Amino acid sequence: MHGTKFLTPPQLEAIQHDKGPMEVKAPPGTGKTTIILERFAWLIETSRAWKYDILCLTFTHKDAEEIRLRLQERLGEDIENLAVHTMHAYSRLILQAEHEASSDKAFRIFDPPSAYRILHRAMQDAQVDETVW
């Protein structure tokens with residue numbers, strides 16, 4: 001394993017966890033990204049998973065991009081199609097795939113102001129009393 005001398009026993013335990021899915025929650029600066037990267041590499045290097053069978057979800061785009069860049073360095077191979085996303089981006093992919101499988105209409109997610117305008121217009125068209133909503 002790459003750089004194990006810098007890992008704490010709990011970090012090493014998290015990296016080598018092999019009993020199903022794993023969630024890493026800890027305060028900033030405690031090595032979560034390192035755990036995720038090393039775990040990803042460990043799963044591949046020990047043949048416990050194929051790199052395209054791993055889903056890595058983060059909260060921010062910055063974290064997802066950092067993980068992608070560091071995985072590229074760590075694995076030394078193309079990582080373009082790896083499933084490293086923010087939770088919101090991955091949810092959008094699921095919604096979009098489900099929509100495309102069941103509809104021929106365009107898929108869109110509206111921002112709150114646009115959604116309000118559309119809802120307001122629909123309520124007016126349906127002659128719903130504005131005081132009830």
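How many salt bridges does a search of the whole structure find? The search finds 4 salt bridges, a salt bridge being a side-chain nitrogen of Lys or Arg within 4 Å of a carboxyl oxygen of Asp or Glu. The model is predicted, with local features requiring pLDDT of at least 70 and side-chain atom pairs counted only at pLDDT 80 or more, whereas totals for chains, interfaces and linings use all residues. Residues are numbered from 1 along each chain as its sequence is written, and side-chain values use heavy atoms, with hydrogens and water left out.

**View 1. Salt bridges of arginine 74 with glutamate 38 and glutamate 45.** Side chains of opposite charge can pair when their charged atoms come close. Arginine 74 forms a salt bridge with glutamate 38, with the closest N and O atoms 3.2 Å apart. This pair links distant parts of the chain, since arginine 74 belongs to helix H3 and glutamate 38 to helix H2, 36 residues apart. Helices (H or I, at least four residues) and strands (E, at least two) are DSSP runs, numbered from the N terminus. Arginine 74 also forms a salt bridge with glutamate 45, where the closest N and O atoms are 3.0 Å apart. Because arginine 74 lies in helix H3 and glutamate 45 in helix H2, the pair ties together parts that are 29 residues apart in sequence. Arginine 74 is buried at a relative accessible area of 16%, and glutamate 38 is buried at 7%, whereas glutamate 45 is partly exposed at 47%. Here buried means under 20% relative accessible area, exposed over 50%, and partly exposed in between (1.4 Å probe, protein chains only).

**View 2. Salt bridge between arginine 70 and glutamate 66.** The closest N and O atoms of arginine 70 and glutamate 66 are 2.8 Å apart. Both residues lie in helix H3, 4 residues apart, about one turn of the helix. Arginine 70 is partly exposed, with a relative accessible area of 28%, and glutamate 66 is likewise partly exposed, at 29%. Elsewhere, salt bridges that share partners join Glu38, Glu45 and Arg74 into one network.

**View 3. The largest nonpolar core.** A nonpolar core is a set of buried Ala, Val, Leu, Ile, Met, Phe, Trp, Tyr and Cys residues joined through side-chain atoms within 4.5 Å. The largest such core has 18 residues, and those with the most contacts inside it are Phe40, Ile67, Leu71, Leu75, Leu82 and Val84. At least two residues of this core come from each of helix H1 (9-15), helix H2 (32-45) and helix H3 (61-75). H2 provides the largest share, 6 residues. Beyond its neighbours within four places in sequence, isoleucine 67 is in contact with Thr33, Ile36, Leu37, Cys56, Thr58 and Val84, contact meaning heavy atoms within 4.5 Å.

View 4. Strand E1 (residues 55-58) and strand E2 (residues 83-86) run parallel and are joined by 4 bridges; two strands pair if DSSP finds at least two bridges between them. Leucine 57 of this region stands opposite histidine 85 in E2. In a regular strand the side chains alternate between the two faces of the sheet. In E1, Cys56 and Thr58 form the covered face, and Leu55 and Leu57 the uncovered one. Together, E1, H3 and E2 make a right-handed β-α-β unit. A crossover is right-handed if, with the strands pointing away from the viewer, the path from the first strand over the helix to the second runs clockwise.

**View 5. The aromatic pair of tryptophan 50 and tyrosine 52.** A search of the whole structure finds 1 aromatic pair. The ring centres of tryptophan 50 and tyrosine 52 are 4.7 Å apart and the planes stand at 75 degrees, so the pair is edge-to-face. Rings of Phe, Tyr and Trp (its six-membered ring) pair if their centres lie within 6.5 Å; planes under 30 degrees apart count as stacked, over 60 as edge-to-face and the rest as tilted. Tryptophan 50 is exposed, with a relative accessible area of 55%, while tyrosine 52 is partly exposed at 33%.

View 6. Serine 47 has a positive phi of about 60 degrees although it is not a glycine. Serine 47 is located in the loop between H2 and E1 and is exposed, with a relative accessible area of 65%. Glutamine 127, also not a glycine, has a positive phi of about 55 degrees. Glutamine 127 lies in the segment after helix H5 (112-125) and is exposed at 74% relative accessible area.
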